[in-house]
Amino acid sequence: MLTIFETIKKVAIKIDHAIKTEDLGYSDSENSSGEDQLKLDVKSDYIIEEAFRDISIVKSLVSEEKEGELQLHQEGKYTICYDPLDGSSLVDVNLSVGSIFGIYEGELKGENLVASAYVVYGPRIELVIATHNKKPQHYRAQNGLFNFIGEITLNHKGKLNASGGTQQHWSAVHKTFIDGLFASGYRLRYSGGMVPDLHQILLKGGGLFSYPATTDKPEGKLRQLFEVIPFAFIYEQAGGEAIDANGERLMRLIPAHPHDTSPCFFGSKSEIEALKTAYALNTQS
Ligand code: F6P
């Protein structure tokens, strides 16, 4: 597993370099979710694929930018599901973006996730790695090397509120709940990049990030294998909770297809409790 984390560190430096130096235009292709691919999406995907090709413990790769599973080593133990450059459309306005990695052993489902990691490309490059029975570990790059900063622990209750999707497509329940959070003093923090938005909530002590079911996207927007499950694990390891619109733990998701999405809510315990009450959900998740 250490080899995988070391490889993630190497690709992070390369992707950061690509973000800072390469063409920001569109490629001629779309990804599996029908989104136009930027040249940077394709390049970041290529950097990750090339880096893991020689790692024999990696059985296969599943990328947000590829339709199917790429088989690498038959004897390998792990499948790495990744979003090479999440929020890539924010690069042209110079906002932070990220890469997300979910490392699975066996069938691709939440319960088989053994570790996850994400990289934030912002004013600095930061990396968070989560494994079982440990708080998420926070690193920052300096001169190409990642230094350990500390462990991440969410407070019981935070101050930040981030909800995705357009308000005109939210349900009445979601809108009332979000309005209620603002009325009780929460601050809006939403850049439109899942990685920096969730990173901010983790590092600033807590709050809530929602990407609810909307009338235009009833199954949500964020992808289970490369976005939702890896972050659900990190939030749980940090002492928070991560649930779907039925109050089920996101770690229980079993995607039918690699690109399946799910409504998702990540937060400190207090905000998730409030969400369950507002959505009238069974709290025994
Ligand atoms: O996965 C794509 C993404 O860019 C996420 O990084 C982000 O959280 C979300 O989409 C933003 O979507 P919306 O603009 O609908 O709120």
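Let's begin inside: leaving aside residues up to four places away in sequence, His174 touches Ser163, Ser210, Pro212, Phe265 and Tyr279, where contact means heavy atoms within 4.5 Å. His174 sits in helix H3 (residues 172-183), and with a relative accessible area of 0% it counts as buried. The cut-offs here are under 20% relative accessible area for buried, over 50% for exposed, and partly exposed in between, with a 1.4 Å probe and protein chains only.

A word on what you're looking at. This is a predicted model, in which local features need pLDDT of at least 70 and side-chain atom pairs count only at pLDDT 80 or more, while totals for chains, interfaces and linings use all residues. Residues are numbered from 1 along each chain as its sequence is written, and side-chain values use heavy atoms, with hydrogens and water left out.

Now step back to the whole chain. It has six helices and 15 strands; these are DSSP runs numbered from the N terminus, with helices (H or I) of at least four residues and strands (E) of at least two. For 285 residues, a compact globule would have a radius of gyration near 19 Å, and the chain's 18 Å agrees with that. The radius is taken over C-alpha atoms, and the globule rule is 2.2 Å times the number of residues to the power 0.38. Along the principal axes, the C-alpha atoms fill a box of roughly 50 × 40 × 35 Å. Buried residues account for 55% of the 285. Of the contacts with a separation of 6 or more, 59% are between residues 24 or more positions apart.

On to the strands. An open sheet of five runs in the order E12-E11-E13-E15-E14, with mixed pairing. Strand E12 (187-188) and strand E14 (241-243) are its edges, each pairing on one side only; two strands pair if DSSP finds at least two bridges between them. Strand E11 (residues 160-163) and E12 run parallel over two bridges, with Leu160 opposite Arg187 in E12. Elsewhere, strand E9 (residues 137-142) and strand E10 (residues 145-151) pair in the antiparallel sense over six bridges. There, Gln137 stands opposite Glu151. Two residues lie between the strands of this hairpin, and Asn143 takes a positive phi near 50 degrees.

Next comes helix H4. Eight of its ten residues are buried, so H4 is largely enclosed by the rest of the structure; among them are Met194, Leu198, His199 and Ile201. Just after H4, Gly205 takes a positive phi of about 95 degrees. The loop between helix H4 (194-203) and strand E13 (207-211) also holds Lys204, and what a contrast in setting: Lys204 is exposed, with a relative accessible area of 60%. Lys204 and Ser60 are 144 residues apart in sequence and 35 Å apart in space, C-alpha to C-alpha.

Finally, have a look at Glu35, in the loop between strand E1 (26-30) and strand E2 (36-38). Glu35 is partly exposed, at 30% relative accessible area. Not counting residues up to four places away in sequence, Glu35 touches Ser29, Glu30, Glu64, Lys221 and Arg223. Between the C-alpha atoms of Glu35 and Asn161, which are 126 residues apart along the chain, the separation is 27 Å.
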